[in-house]
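Here is a short briefing to read with the model open beside you. It starts with the whole chain and then moves to a few local spots worth a look.

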Amino acid sequence: QLTLARIRARLNRKEGLTFQVPSKLVNRYLSNLPFDLTSSQVHVLKEIQQDMAAPHPMNRLLQGDVGSGKTVLAMAAALTAIDGGYQAAFMAPTEILAQQHFQDLTPYAKNLGLNIDLLVGGLTEAEKNSSQDDLASGKTQLVFGTHALFSKNVQFKKLGLVIIDEQHRFGVSQRLALKSKATQPDFLVMTATPIPRSLAMTLYGDLELSVIQGLPPGRHPVKTEVFTRKNRLQAYQKLTREVMSGGQAFVIAPRIESGQENNSQTDDLSAAEDLYRVISKEVPPEIKAGLVHGRMKREEKQAVLESFRKGVIKILVATTIIEIGVDLAGATLILIENAERFGLAQLHQLRGRVGRGSKPARCLLINGPSGAASNRLRIMIRTNDGFVLAEEDLKLRGPGDAAGLKQSGLPSLTWARLPHDLPLLLKARDLAQEIITSDPDLRIPAFRLVRDVIDQLEEQIQGELVEVG
């Protein structure tokens with residue numbers, strides 16, 4: 001906590017960009033939205049604007065449940081930077097999500113007279129060169145992309161804001177590469193993977209935290225049901241009825257392909273390719289099924305998703321590639337095979353792919369052969385609140401698994417057990433803040449040994465926390 005408090009103090013002392021708020025572009029954008037912001041969204045937008053108007057760099061973590069409207073606020077932040085004469089970069093972990101953000105926000109950008117672009121690995125060399133030239137010259141004001149934005153060939157004329165979607169999916173070196181392309185830009189990192197507030201307050205203590213509470217008006221909670229292997233047929237009957245009545249459905253498998261031959265003829269349907277073959281045979285011939293997974297070429301994935309978006313494909317069999325951000329409003333049902341192989345937070349992310357339109361939606365979870373996970377899966381029936389589920393994940397799986405921290409580069413807690421020891425951690429945080437406020441560099445002789453330990457710890461995590469925020 002002393003390390004995090006010292007990092008936060010240093011960030012607040014750095015000189016950053018100061019943007020004018022409220023922005024005329026933002027006001028025009030918000031007035032053109034087909035809905036009004038919720039009170040929670042308005043509150044979070046004010047927090048972001050206050051950061052961007054301050055003289056030090058913004059380093060804010062925006063949490064919001066699936067469908068809560070984070071992208072709307074991210075676009076408002078981008079417009080604030082653009083109105084101040086700077087460029088903004090919107091980074092997503094997959095080409096599918098980057099493409100979707102680009103498509104969804106293009107109409108608003110055109111209406112505002114902005115130049116926006118897409119830069120992903122699947123572009124041709126000519127397309128990449130053209131996009132890079134427009135970024136370097138300043139013609140492109142807002143760019144959507146993936147890790148392609150980290151390329152040495154990508155240069156910005158005046159980068160003022162970096163938005164990172166699903167921040168835990170990017171590595172330290174990648175984020176450092178993007179930060180090096182500008183001088184103290186503002187950072188807005190977002191996640192729809194609910195991190196328990198207790199964990200965020202203790203392990204992300206260097207970041208300012210915003211949370212969008214609740215869902216926009218008109219969104220229905222997704223009704224969830226759990227099935228055993230023995231009554232799987234009932235789940236597939238509900239799937240067929242939903243599609244025959246005009247709905248569309250996702251069917252999710254944990255893996256792409258089977259590790260054994262003739263897997264589709266066993267009771268294990270964990271492989272997407274096998275599952276696709278089974279469903280294609282089982283559903284009525286007038287119902288068209290499609291398959292999408294991470295090993296397909298970009299053009300193939302886009303073609304399948306577009307067919308699903310247009311309603312040609314009624315059932316889309318997929319791996320968890322659709323977990324993050326894929327927004328297809330026509331989907332009203334999701335069936336997840338081998339649901340016991342997923343954590344509660346990931347199941348909630350998958351469940352969030354349906355119910356994004358005006359129609360009620362369902363999530364059908366099929367438990368594994370042992371049925372041992374039944375009680376855990378039934379938590380999904382009791383609540384649609386991602387943060388409640390994240391707290392349950394924290395109790396069941398520990399902080400590393402529940403929040404994806406094992407991939408984040410953050411140090412593990414040696415003794416603390418969350419959430420049991422949260423009161424002690426909060427006391428440590430408050431005491432650390434008092435110490436750093438009175439002695440920012442820990443120069444008091446009594447703190448010499450503590451300072452040595454903290455210097456080592458800060459060196460270990462500075463890429464993740466100091467450089468990126």
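The points below are grouped by topic.

This is a predicted model. The protein chain has 469 residues, and 56% of them count as buried. Its secondary structure consists of 17 helices and 13 strands.

**The chain as a whole**
- Among contacts with a separation of 6 or more, 78% are between residues 24 or more positions apart.
- The protein chain has an accessible surface of about 20600 Å², and carbon and sulfur atoms account for 50% of that area.

**Where α2 meets α4**
- Helix α2 (residues 24-32) packs against helix α4 (residues 70-83) at an angle of about 150°, and the two axes are 8 Å apart.
- The crossing of α2 past α4 is right-handed.
- On the α2 side, the contact is made by K24, L25, V26 and Y29, while α4 brings V72, M75, A76, L79, T80, I82 and D83.
- By type, the residues of this contact are 8 nonpolar, 1 polar and 2 charged.

**Backbone spots to check**
- Most peptide bonds are trans, and most residues other than glycine have a negative phi.
- V21 and P22 are joined by a cis peptide bond, with omega about -5°; P22 sits in the loop between α1 (2-13) and α2.
- N338 is not a glycine, yet its phi is positive at about 50°.
- You will find N338 in the loop between β12 (331-336) and α12 (344-351), and N338 is buried, with a relative accessible area of 0%.
- L442 also has a positive phi, near 55°.
- L442 belongs to the loop between α16 (422-438) and α17 (448-467), and L442 counts as buried at 0% relative accessibility.

Terms used
Residues are numbered from 1 along each chain as its sequence is written. This is a predicted model: local features need pLDDT of at least 70, side-chain atom pairs count only at pLDDT 80 or more; totals for chains, interfaces and linings use all residues. Side-chain values use heavy atoms; hydrogens and water are left out. Helices (H or I, at least four residues) and strands (E, at least two) are DSSP runs, numbered from the N terminus. Buried means under 20% relative accessible area, exposed over 50%, partly exposed in between (1.4 Å probe, protein chains only). Contact means heavy atoms within 4.5 Å. Accessible areas come from the Shrake-Rupley method with a 1.4 Å probe; for residues, only the protein chains shown count as cover. Axes are lines fitted to C-alpha atoms, for helices over the stretch in contact, and angles run from 0 to 180 degrees between N-to-C directions. A crossing is left-handed if the near helix is turned anticlockwise from the far one by less than a right angle, and right-handed if clockwise. Ala, Val, Leu, Ile, Met, Phe, Trp, Tyr, Cys and Pro count as nonpolar, Asp, Glu, Lys and Arg as charged, and the others, Gly among them, as polar.
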